[in-house]
Amino acid sequence: MKIVIDQDRCVGAGQCVLAAADVFDQRDEDGVVVLLDALPPQESQSQVEEAAARCPALAIEVVAE
Amino acid sequence: MVRTCPFDPPEEYRTLREQEPITPVTLPEGTAGWLVTRYEDVRKILTDPRFSAKRRFARTGDPTADDAPAPPPPPGSFIVMDPPEHTRFRRLLTGQFTVRRMKQLTPAVEQIVTEQLDAMAEAEGPVDLVQAFALPVPSLVICELLGVPYADREEFQWNSATLLRLDASFEEAQAAQQALHGYIRRLAIAKRANPTDDILSDLVRTGELTDDELAGVGALLLLAGHETTANMIALGTMCLLRNPDQLAALRADPALMGGAVEQLLRYLTIVQFGLRRTALEDVDLNGHKIKAGSTVVASLTAGNRDAAHFTGDPEQLDVHRPYGPHLAFGHGIHQCLGQQLARVEMKAALSALLDRFPTLRLAVPVEQVPMRDNMLVYGVRELPVTW
C-alpha cells in the first residue's frame, strides 16, 4: 500500500488526522495535510482507506502495490 | 414538506430518495431546479468542479426575476466562491482550526462549559437550555477565538438569526448582513491599530485582506461558529432525552461520546435544506440532463439517512454505530472549516451536561417544544428542562 497526497487540493478539514493520526498530520501554519508515513504497515490499511474516503477534497489516493 | 417527528426529515425525502433520487423541483424563489437525495449523488455534486458554489440568483423573492444574475457575493464570503478565490481565503484560516489546535483548546472549552453549568445549577428548574447553556457555550468560544467582545452578543445574535430566517424579507436580510459586516469591520479596524491574540488580529497581520474582506470572513465565522453548534447541543440533548436507551448507554460508558456526537450529527443533520450548487456547463447526472445555469440542491438530510449507503438502519439513532463518513458538515472543498471545533464543543458540552444533571428531563410535553422549522439551521427555539 502506497499513499499519494495532493497538497494543492487539500482544504484542511482534518478528516484524515481523525481517521489515521499515525499516517497523516496537518501543517501548523495552514492546516494542509502532511504525510508522516508514505508506506504505512499493512495493519493500518483500513484506517488509511477511511482517511481517503473521508477526505472532502479527494486529496488522498491509496495505491495498491 | 413538513416534519412529522422533530428528529426526522419530512417523509417525502425518503420517498424521493427511493423512487426519484434526482428530481426536478421548483425552488422557493419560483425557479426550476433539481433536488438530489442519495448519499452517493450528494457527494458527487459537492466534489464535482462543474458545480459552482456561486449563487445564480439574487434573493429578491421575485419569481419573475429568474434570469437576474446574482449580485457578487459580499467580499470575504468564501462559502459562495469557487477556486482559486475560495482557496485564497480558506488557506488563511485552515491553520486556525486544525485537529491539533482544537485539541489544545479543549481545556478552555471545558472550562466555559463548567462555568455555564455552575450558573445553570444555581437556578431552580425549569430553565431554557438554549439560553442557559447551548447558545452561550459556542458563542463564548467563538468570541474568544475571533476576538469579538461577548458583551456585544445581543446585536450579532439577532443579526445572525435574521440571516438564517427563511421568512426574512430581502430588505431585512440585507440590513442584517450590513449590520453584521459593519460591526466586524469596525472591530477589524480597531485590531489593525491594536492587535490582540485572536483570529481577527492574525488575519489583520497577514496583510492579505481588505477591511471589507475581513468583515465578510469575520461575519461568516461568527455566524457559523455559534448558530450551528448551539442547535446541535440543544437538539442533541432533546434527542437523547427522547431516546432513553441511547442515553442510558452513554451514561454507562462515557467513552461512547465521540461516536455518539458523530451519530447525532448524521441523524439530526441540522443544515436542513441542503446545499445549493449551480451547474457551470451541461452535466449528465445518472441520465438526467442538468442544464448549464441550473440550481441543484444537494440534500444532506436525505443523504445522511440513505439505507443504500449506510449499513444497519440509518433511520435509527444508535450511539454504538461504527463511524462512517456522513454529510452533516457538507462535503467537497467547502466542508465545514470549524468541524473539529464543533466536535470538541459538542463532546465537552454533552458529556458535562449528562454528568452534572443525572435527572435531566424535558419540562414540557415534547409536542410543546417549539422547533426551528423556518430556519436554515434546524433545532429548537427553546428547550425547557428541569432536573
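A: Let's go strand by strand through the sheets, then turn to the contact between the chains.

This is a predicted model, where local features need pLDDT of at least 70, side-chain atom pairs count only at pLDDT 80 or more, and totals for chains, interfaces and linings use all residues. Residues are numbered from 1 along each chain as written, chains are lettered from A and ligands numbered from 1 in written order, and side-chain values use heavy atoms, without hydrogens and water.

Start with the open sheet of five strands in chain B, which has the order β1-β2-β8-β5-β3 and mixed pairing. Strands here are DSSP runs of E with at least two residues, helices are runs of H or I with at least four, and both are numbered from the N terminus; two strands pair when DSSP finds at least two bridges between them.

What stands at the two edges of this sheet? In chain B, β1 (22–26) and β3 (51–52) take those places, and each has a single partner strand, so one side of each is left without a neighbour in the sheet.

β1(B) runs antiparallel to β2(B), residues 32–36, and five bridges join the two. To find this pairing in the picture, look for T26(B), whose bridge partner in β2(B) is A32(B).

Now move along the order to β8(B) and β5(B). These strands also run antiparallel, joined by four bridges. Here L275(B) is a handy landmark, with A298(B) in β8(B) as its bridge partner.

Chain B has another open sheet to compare, made of three strands in the order β4-β10-β9 with antiparallel pairing. Its edge strands are β4 (127–128) and β9 (361–362) of chain B, and each of them pairs on one side only. Two bridges link β4(B) with β10(B), residues 384–386, in the antiparallel sense. If you locate V127(B), you will see it opposite V385(B) in β10(B).

The contact takes 18 residues from chain B and 24 residues from chain A. Between them the two chains bury about 1800 Å², with 46% of that area on carbon and sulfur atoms; buried area is the accessible area (1.4 Å probe) that two parts lose on being put together, summed over both. Which three residues of chain A supply more of its buried area than any other three? They are V11(A), R54(A) and P56(A), which supply 27% of the area that chain A buries against chain B.

How values were computed: Contact = heavy atoms within 4.5 Å.
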